[in-house]
Amino acid sequence: MFKIGDLVMYLPFMNGGSGWIMYEGIGIVLSVNKFNERGKAEYRIKWIKNYNETSVAGDFLVSLEDIWNTK
């Protein structure tokens, strides 16, 4: 679960032979909106590239701190 102020990257992916990875952007967590019907948290994100705000399910977000710590 992410905290308010965390830097995150939008990175949905699928595993398997026909898997794909898509990079969209980096943003900052503004709030935890709600839990969706699958029980996953949805976050309000402000994107750095265009300053738009959107709601995104936590399954599609990766913490930048986690990415940096794996290298």
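A salt bridge is defined here as a side-chain nitrogen of Lys or Arg within 4 Å of a carboxyl oxygen of Asp or Glu. Under that criterion, Glu53 is paired with Lys46, and the closest N and O atoms are 3.1 Å apart. The structure is a predicted model, in which local features need pLDDT of at least 70 and side-chain atom pairs count only at pLDDT 80 or more, while totals for chains, interfaces and linings use all residues. Residues are numbered from 1 along each chain as its sequence is written, and side-chain values use heavy atoms, with hydrogens and water left out.

The protein chain contains one helix and five strands, where helices (H or I, at least four residues) and strands (E, at least two) are DSSP runs numbered from the N terminus. Read from the N terminus on, the order of elements is β-β-β-β-β-α. Confidence is expressed as pLDDT, the predictor's confidence in each residue on a scale from 0 to 100. Its mean over the protein chain is 80, and 75% of the residues reach 70 or more. Among the elements, strand β3 (residues 41-47) has the highest mean pLDDT, 92, whereas helix α1 (residues 64-69) has the lowest, 74. Where pLDDT is low, the predicted coordinates should not be read in detail.

The protein chain has 71 residues, of which 30% count as buried; buried means under 20% relative accessible area, exposed over 50%, and partly exposed in between (1.4 Å probe, protein chains only). The accessible surface comes to about 5,100 Å², and 56% of this belongs to carbon and sulfur atoms. These areas come from the Shrake-Rupley method with a 1.4 Å probe; for residues, only the protein chains shown count as cover. Contact means heavy atoms within 4.5 Å. Among contacts between residues at least 6 apart in sequence, 30% join residues at least 24 apart.

A search of the whole structure finds three salt bridges. One of them links Asp6 and Lys3, with the closest N and O atoms 3.6 Å apart. Asp6 is buried at 18% relative accessibility, whereas Lys3 is exposed at 56%. Glu53 also forms a salt bridge with Arg44, at a closest N and O separation of 3.5 Å. Relative accessibility is 37% for Glu53 and 27% for Arg44, and Lys46 is partly exposed at 28%. Through shared partners, salt bridges join Arg44, Lys46 and Glu53 into one network.

Lys46 is located in strand β3. The residues touched by Lys46, not counting those up to four places away in sequence, are Gly27, Ile28, Leu30, Tyr51, Asn52 and Glu53. Lys46 and Leu30 are 16 residues apart in sequence, with a C-alpha to C-alpha distance of 6.8 Å.

Strand β3 also holds Glu42.
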